[in-house]
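Here's a quick tour for anyone meeting this structure for the first time. Have a look at it, then read on.

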Amino acid sequence: MSPPLDIRGFRFFPGFLDRPAQEALVNVLRDLLRNAPLYQPVTPRGQKMSVRMSAAGRFGWVTDRRGYRYEPRHPGGMDWPPIPEEVLAIWRAVSGATREPECCLINWYGEGARMGLHQDKDEADFSCPVVSVSLGDEGLFRMGNAERGGKTESIWLKSGDVVVMGGDARLKHHGIDRIRFGSSTLLPQGGRINLTLRVVT
Ligand code: SIN
Ligand code: MN
């Protein structure tokens, strides 16, 4: 494994997953999403988000009129499926953490979907990093600062890329400005999947 590229403390592992590993992971996720279907989340202010979400693990991150939080069940009432072994293996290889992730958030970006600049801060323990895995179409990832505002830098995330947000970068703002719909052949219908692994408690 070559050393990661460091931008503002965000550590990038370009092409961490080769094409066969990406295809295997998509198949695993397809099965998982049959039991925990993607849904359209609503922000606490009532805006529909452009991404579709689901999750795996002990907790799923959810948002609705009651706020942002972790929940032990899918909004449909079922338990979240366990985090697949293939995904845990990525965490173990790059996170450097002694704890295992308790949430694997699944974000699906269709044409025009985006994710505004935000911090991941609904977790209890910021000493553990956040690990993000990109599959499918390219996404323009913007990185900011721990404080609001200031200069930002962007990088296109490609299918198979992994990003670790730990240390100084753990509480930095980040988001996806846009995707290049149809830029990857991994997902036959196009779109981008992002997995975000986090320790919650
Ligand atoms: C997120 O931070 O919630 C998603 C990041 C991404 O889609 O790459
Ligand atoms: Mn995030």
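## Sorting the residues

Ala, Val, Leu, Ile, Met, Phe, Trp, Tyr, Cys and Pro count as nonpolar, Asp, Glu, Lys and Arg as charged, and the others, Gly among them, as polar. By that scheme, the shell around ligand 1 has three nonpolar, four polar and one charged residues.

This is a predicted model, where local features need pLDDT of at least 70, side-chain atom pairs count only at pLDDT 80 or more, and totals for chains, interfaces and linings use all residues. Residues are numbered from 1 along each chain as written, chains are lettered from A and ligands numbered from 1 in written order, and side-chain values use heavy atoms, with hydrogens and water left out.

## Around the ligand

Who surrounds ligand 1 (a heavy atom within 4 Å)? The residues are Asn-107, Tyr-109, Met-115, His-118, His-174, Ile-176, Arg-192 and Asn-194.

Oxygen atoms of the ligand have N or O partners in side chains (pairs within 3.5 Å count as polar contacts): Arg-192 at 2.8 Å and Asn-194 at 3.2 Å. A polar side-chain atom of His-174 sits 3.0 Å from a ligand oxygen. The protein covers 98% of the 250 Å² of accessible area (Shrake-Rupley, 1.4 Å probe) that ligand 1 has on its own.

## An aromatic pair

Across the whole structure there are four aromatic pairs (ring centres within 6.5 Å). The ring centres of Phe-10 and Phe-141 are 5.8 Å apart with planes at 80 degrees, so this pair is edge-to-face (over 60 degrees).

Definitions and conventions: A residue is near a molecule or strand if one of its heavy atoms lies within 4 Å of it. A polar contact is a pair of N or O atoms within 3.5 Å; within protein, one must be able to donate a hydrogen and the other to accept it, and residues adjacent in sequence count only if both atoms are side-chain atoms. Rings of Phe, Tyr and Trp (its six-membered ring) pair if their centres lie within 6.5 Å; planes under 30 degrees apart count as stacked, over 60 as edge-to-face and the rest as tilted.
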